[in-house]
Amino acid sequence: MDREELVRVLGEVAAFEGLPTMTLKAVAGEMRPAGFTAGQSIFSRGDTGQELYVVLKGRVRLSVLTLEGRELSFTHATEGQMFGEIAMLDGGPRTADATAVNAVEAASLGQPQLRRLMAADPELAMALIRCLCGRLREADMQLEGVALHRIEVRLARYLIGLARQRKPGTEAGIVEVDLAMSQSELALLVGASRPKVNGALVALEEQGAITRSDSRLKCDLAVLGEIAELG
């Protein structure tokens with residue numbers, strides 16, 4: 001990917017959204033290409049984190065192992081999304097495993113380079129802080145969903161999140177999203193079994209919240225919002 005295209009992608013990353021083109025070009029100038037094959041481990045929980053990544057193509061699973069050895073997948077990073085920033089920013093160990101779901105093209109940014117950029121541009125530092133606060137809010141909602149809500153509610157909340165990533169700021173209307181994952185993978189994300197996820201998808205379709213066509217879903221945000229009990 002050339003620099004102009006990388007600058008375009010960075011402008012869509014939540015952490016860099018709204019920053020001037022000059023800042024995006026400075027960040028892009030410090031990034032390096034990285035590629036991973038399907039199933040490849042990018043880093044493991046407990047590793048030292050010296051860089052963050054922005055996905056250019058493909059999908060990365062962020063997960064942890066429970067004490068029973070069960071994998072709990074809590075999010076996926078897809079094109080235009082960042083991962084690996086927490087350990088890189090605070091100097092602590094990685095908090096999750098990162099695995100390439102399919103072939104992944106990414107751009108990495110090292111810790112010394114980012115610190116230099118933030119020292120020169122305080123707005124970049126503030127943008128990263130806002131992004132991390134958003135991540136914390138999302139994590140809180142996800143934990144609440146797994147602990148307190150039935151599968152249809154958790155799935156509706158997840159789909160609303162996907163739709164808002166696709167069209168930021170959208171509160172109503174129809175938004176088409178591409179799951180691009182198996183029901184087993186989706187089950188890991190919402191903390192349920194594959195049969196329960198399949199049943200929940202059927203229930204959402206019967207209620208008019210979604211329309212399915214292979215991996216693509218047309219999501220009615222108004223109906224999903226009622227099911228998600230977010231009001």
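The side chains of R150 and E152 meet in a salt bridge with an N to O distance of 3.7 Å, a salt bridge being a side-chain nitrogen of Lys or Arg within 4 Å of a carboxyl oxygen of Asp or Glu. R150 has a relative accessible area of 46% and is therefore partly exposed; the term covers values between buried, under 20% relative accessible area, and exposed, over 50% (1.4 Å probe, protein chains only). The model is predicted, so local features need pLDDT of at least 70 and side-chain atom pairs count only at pLDDT 80 or more, while totals for chains, interfaces and linings use all residues. Residues are numbered from 1 along each chain as its sequence is written, and side-chain values use heavy atoms, with hydrogens and water left out.

By the salt-bridge rule the count comes to 7. Side chains of opposite charge can pair when their charged atoms come close. A salt bridge between E30 and R116 has its closest N and O atoms 3.1 Å apart. E30 belongs to helix 2 and R116 to helix 4, so this pair ties together parts that are 86 residues apart in sequence. Helices (H or I, at least four residues) and strands (E, at least two) are DSSP runs, numbered from the N terminus. Both partners are partly exposed, E30 at 22% relative accessibility and R116 with a relative accessible area of 47%.

A salt bridge of 2.5 Å, N to O, is formed by the side chains of R216 and E176. R216 lies in strand 11 (residues 216-220) and E176 in strand 9 (residues 174-178), so the pair ties together parts that are 40 residues apart in sequence. R216 is partly exposed with a relative accessible area of 32%, and E176 is likewise partly exposed at 32% relative accessibility. Elsewhere, salt bridges that share partners join E5, R8 and E12 into one network.

Strand 9 is joined to strand 11 by 5 bridges, and E176 stands opposite K218 in strand 11. Strand 10 pairs with strand 11 over 4 bridges, also in the antiparallel sense, and R212 stands opposite L217. In a regular strand the side chains alternate between the two faces of the sheet. In strand 9, V175 and V177 make up a covered face, whereas I174, E176 and D178 make up an uncovered one.

A further open sheet has 4 strands in the order 2-7-4-5, again with antiparallel pairing. Its edges are strand 2 (41-43) and strand 5 (71-77), each with a single partner strand, so one side of each has no neighbour in the sheet. Here neighbouring strands are turned by 30° against each other on average, direction ignored. Strand 4 (residues 60-65) and strand 5 run antiparallel and are joined by 6 bridges; V64 has L72 in strand 5 as its bridge partner.

In helix 2 (residues 21-30), T23, L24, V27 and A28 are buried. Seen down the helix axis, these buried residues fall within an arc of 135°, so they line one face of helix 2; the arc is that of the directions from the helix axis to the C-beta atoms. The face turned away from this buried side carries the exposed residues M22 and K25. In helix 4, Q111, L114 and L117 are buried. They cover an arc of only 125° around the axis, which puts them on the same side of helix 4. P112, A119 and A120 are exposed on the other side of helix 4.

D121 is found in the loop between helix 4 (111-120) and helix 5 (122-148). D121 is buried yet has no salt bridge, and the nearest side chain of opposite charge, R130, is 9.4 Å away; Lys and Arg count as positive and Asp and Glu as negative, with His and the chain ends not counted. The side chain of D121 makes a polar contact of 2.7 Å with that of T23. A polar contact is a pair of N or O atoms within 3.5 Å; within protein, one must be able to donate a hydrogen and the other to accept it, and residues adjacent in sequence count only if both atoms are side-chain atoms.

Technical notes:
Pairing = 2+ DSSP bridges. Axes fitted to C-alpha atoms, helices over the stretch in contact; angles between N-to-C directions.
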